[in-house]
Amino acid sequence: MLTFASSFLIILTSFKGESSKFSLGKTFILGIYSLQVLLCLLTLLFTLKNFLSIKSSFFIFFHNLPYDWVFLRKFLFRKFGNPSKQLNVKPLYPLQIRFDNGLVLRDSLMIAQRSLEKWCEDMQVEHAKAVGKWEYAKIRHQKTFRPTQDELLYMCNDVLGGVECLDATIVMLHKTLIS
């Protein structure tokens with residue numbers, strides 16, 4: 001089973017309801033590029049959320065969500081059930097997916113309106129896309145995948161560049177993660 005669909009980034013924020021106040025006053029920006037790590041992190045977050053009775057949402061941004069959604073949906077459906085709300089621009093092109101437990105998936109490509117490579121260049125962020133470091137034709141499987149140094153550089157730069165671009169865009173537009 002293919003698990004390295006692509007690099008993606010995760011933005012987590014503890015957000016109470018629809019008001020503009022953060023319940024914990026913190027936004028966590030983490031780079032995740034492994035499906036196993038993402039699923040473990042989500043399990044931990046929702047266990048803590050239930051234990052602490054926090055009424056919050058966790059926002060996760062993917063650059064080109066429809067691509068990653070193909071690989072993630074089976075696992076997320078099994079873990080969290082069907083989404084409670086989904087906004088699509090086309091039948092198989094979700095912009096936002098919300099689950100009853102507070103997990104919200106969003107597409108940063110819709111914010112950027114350009115490739116991650118171009119977005120990093122335009123926003124002049126520290127971590128640019130490592131073009132040419134990933135062999136796209138290579139088949140990778142979860143039990144046998146051992147990333148090379150170039151592949152690790154590619155994944156890390158994708159994630160960090162995406163986070164930096166999203167942060168720079170939010171600052172430039174005077175917005176928040178929720179808006």
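A residue is called buried when its relative accessible area is under 20%. The legends below describe close-up views of a predicted model.

**View 1. Strand β6 within the predicted structure.** Strand β6 spans residues 103-107, and five of its five residues are buried, so the strand is largely enclosed by the rest of the structure. In a regular strand, side chains alternate between the two faces of the sheet. Leu103, Leu105 and Asp107 point one way from β6, whereas Val104 and Arg106 point the other way.

**View 2. The strands that pair with β6.** Strand β3 (residues 58-62) pairs with β6 in the parallel sense, over five bridges. Here Phe59 stands opposite Val104. Strand β5 (residues 93-98) pairs with β6 in the antiparallel sense, over three bridges, and Arg98 stands opposite Val104.

**View 3. The hairpin of β5 and β6.** Four residues lie between the two strands of this hairpin. In the turn, Gly102 has a positive phi of about 105°.

**View 4. The largest nonpolar core.** This core has 14 residues; Leu42, Trp69, Leu76, Phe80, Phe99, Leu103 and Leu105 touch the most other members. Helices α1 (35-52) and α2 (65-80) and strands β3 and β6 each supply at least two residues of the core. The most is given by α2, with five residues.

**View 5. The surroundings of Leu103.** Residues up to four places away in sequence not being counted, Leu103 touches Leu42, Phe46, Phe58, Ile60, Leu76, Phe80, Ile97 and Arg98.

Technical notes. Residues numbered from 1 in each chain as written. Predicted model: local features only at pLDDT ≥ 70, side-chain atom pairs only at ≥ 80, totals over all residues. Heavy atoms only, no water. Buried < 20%, exposed > 50% of the residue type's maximum accessible area, 1.4 Å probe, protein only. Pairing = 2+ DSSP bridges. Core = buried A, V, L, I, M, F, W, Y, C linked by side-chain atoms within 4.5 Å. Contact = heavy atoms within 4.5 Å.
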